[in-house]
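Please read them with the structure open beside you.

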Amino acid sequence: MTAANRPIAPYMAVGLSTFVHGIGAREHIARNLDVIEEAFHAAVSIVGINLPVKLVALSEGALTGFTDEVFDLPHARSARVLFIDIPGPETERLAALARMYRTYVVVQCKARWPEVIEDRFFNVMIVISPDGEIVHRAAKNHVWCREHSCTPHDVYDRWVELFGEGIDAFYPVLRTPDIGNIGTICCSDGEYPEAVRALALGGAEVIYRPSEAVPMTAAGPDPGGTWLLQNRAHAHFNGVYMVCPNTGPVYSSPAAEHPVDIAGGNGHIVDYTGQVIGRAPSGANAIVAAPVDVEALRQFRAMNLNSNWMKDLRTELFRGMYDRPIHPANLWLDREPGRHAEVDEIYRGNIARLVESGAYTEPAVRHPGARHLPGPADGDFDAVIANWEE
């Protein structure tokens, strides 16, 4: 028996949905870390009674909130003023929790990555080991149409220069001896089946996918809406666990008096057959937890001939499907990422390409799309954040 296939005992995975305070300066992140620490202590003490907690996952926005998106703030200035370095004092506070409880901590945050490119921030997922070391870092590859984050595809040539062009350069997998093989995506990445399939083909067994703001579909006969639907499908099609804490209520800025429940709760954990094994209806400082049995997953993959779908994937059939580009690469390699109005036009161009190729059929009457009002001009940035000073 080698270290690579030494048995892994079942353990508890925990997802935290915490109240989020929007930030107007990097120092405001400390307030969110205070909330996270309180929830972290409570979760481990409650959940770890019968099985050890070996994985704690935070929701999207837990550290930094979404002020750059809500207020359409200039990207480069946001990178300099709002967001973090990895490692840094913020990740060190989380590392202290990892060391205290001997658990892995999975975090999403908006962060600079100067080794790739200056004056940019990425939507980054990191894993901190029980020794407090950052052992995994990946960037979100698909962003919501109102999100300002730079992606690897937006600086594709530079990314390939540094990390190569293999799928593992964009969807890396962390192999651990005690909790299995971990993959990380975030929110909009999970709208694309290819993202989880890429991680699964890279060996991932437990996949972190925090958050999707779908409160309008979270009620009714299908709690969790399309977000839960997607994650159950990801788990079922790929034979993986999905650990999915949802964003908690968000104060849109440091000066906001009341939070907005943008996500609707319903954080969940799904097992490798697609069954929901943990769900938290609330998103307000909520805990979702469930046991993860990596050995059972490995037995399922190794022995099962039915519903073990990846084993007979006929890859040759799909090779040519992505030969034709849709979303342009290298958009922000030589200029600052655009704001909402400019990015809207890029997406409209993508739609036009799909119509031209025959993938989409033009409607008989196209209704005019809503036009997003521009946010503050670059010179007005200081005036906007001045209103948030405490």
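1. Helix 1 lies across strand 1, strand 3, strand 4 and strand 14, and its direction makes an angle of about 150° with that of strand 1. Helices (H or I, at least four residues) and strands (E, at least two) are DSSP runs, numbered from the N terminus; contact means heavy atoms within 4.5 Å; and axes are lines fitted to C-alpha atoms, for helices over the stretch in contact, with angles running from 0 to 180 degrees between N-to-C directions.

2. Before going further, please note that this is a predicted model, in which local features need pLDDT of at least 70 and side-chain atom pairs count only at pLDDT 80 or more, whereas totals for chains, interfaces and linings use all residues. Residues are numbered from 1 along each chain as its sequence is written, and side-chain values use heavy atoms, with hydrogens and water left out.

3. The length of helix 1 (residues 29-47) agrees with expectation, because its 19 residues at 1.5 Å a residue should span 27 Å and its end C-alpha atoms are 26 Å apart; the expected span is 1.5 Å times one less than the number of residues. Its buried residues are Ile29, Asn32, Leu33, Val35, Ile36, Ala39, Phe40, Ala43, Val44 and Val47, where buried means under 20% relative accessible area, exposed over 50%, and partly exposed in between (1.4 Å probe, protein chains only). Seen down the axis of helix 1, these buried residues fall within an arc of 155°, so they line one face of the helix; the arc is that of the directions from the helix axis to the C-beta atoms. The face turned away from the buried side of helix 1 carries the exposed residues Glu38, Ser45 and Ile46. The packing partners of the buried residues include strand 2 (20-21), helix 4 (89-101) and strand 14 (286-292).

4. In the largest nonpolar core, which has 67 residues, Leu63, Leu94 and Phe122 touch the most other members, and helix 1 gives the most to this core, with 8 residues. A nonpolar core is a set of buried Ala, Val, Leu, Ile, Met, Phe, Trp, Tyr and Cys residues joined through side-chain atoms within 4.5 Å. Leaving aside neighbours within four places in sequence, Leu63 is in contact with several residues, among them Ile29, Leu33 and Ile36, and also Leu94 and Val107. Apart from this core lies another, of 28 residues, among them Tyr11, Leu55, Ile182 and Val243.

5. An open sheet of 6 strands has the order 6-5-4-3-1-14 with mixed pairing, two strands being paired if DSSP finds at least two bridges between them. Strand 6 (134-139) and strand 14 stand at the edges, each with a single partner strand, so one side of each is left without a neighbour in the sheet. Neighbouring strands of this sheet are turned by 25° against each other on average, direction ignored. Strand 5 (residues 121-128) and strand 6 run antiparallel and are joined by 5 bridges, with Ile128 opposite Ile134. Helix 4 lies across strand 3, strand 4, strand 5 and strand 6, running at about 20° to strand 5.

6. Another open sheet of 6 strands, also with mixed pairing, has the order 7-8-9-10-12-13; its edge strands are strand 7 (173-175) and strand 13 (276-280), each of which pairs on one side only. Strand 7 and strand 8 form a hairpin with 5 residues between them, and Gly180 in the turn has a positive phi of about 90°. Strand 8 pairs with strand 9 (residues 206-208) in the parallel sense over 3 bridges, and Thr184 stands opposite Tyr208.

7. Some backbone details deserve a look. The peptide bond from Ile86 to Pro87 is cis, with omega near -5°, and Pro87 is in the loop between helix 3 (75-81) and helix 4. Asp72, although not a glycine, has a positive phi of about 50°; Asp72 is found in the loop between helix 2 (67-70) and helix 3 and counts as buried because its relative accessibility is 3%. Asn266, likewise not a glycine, has a positive phi of about 65°; Asn266 lies in the loop between strand 11 (250-251) and strand 12 and, at 5% relative accessibility, counts as buried.
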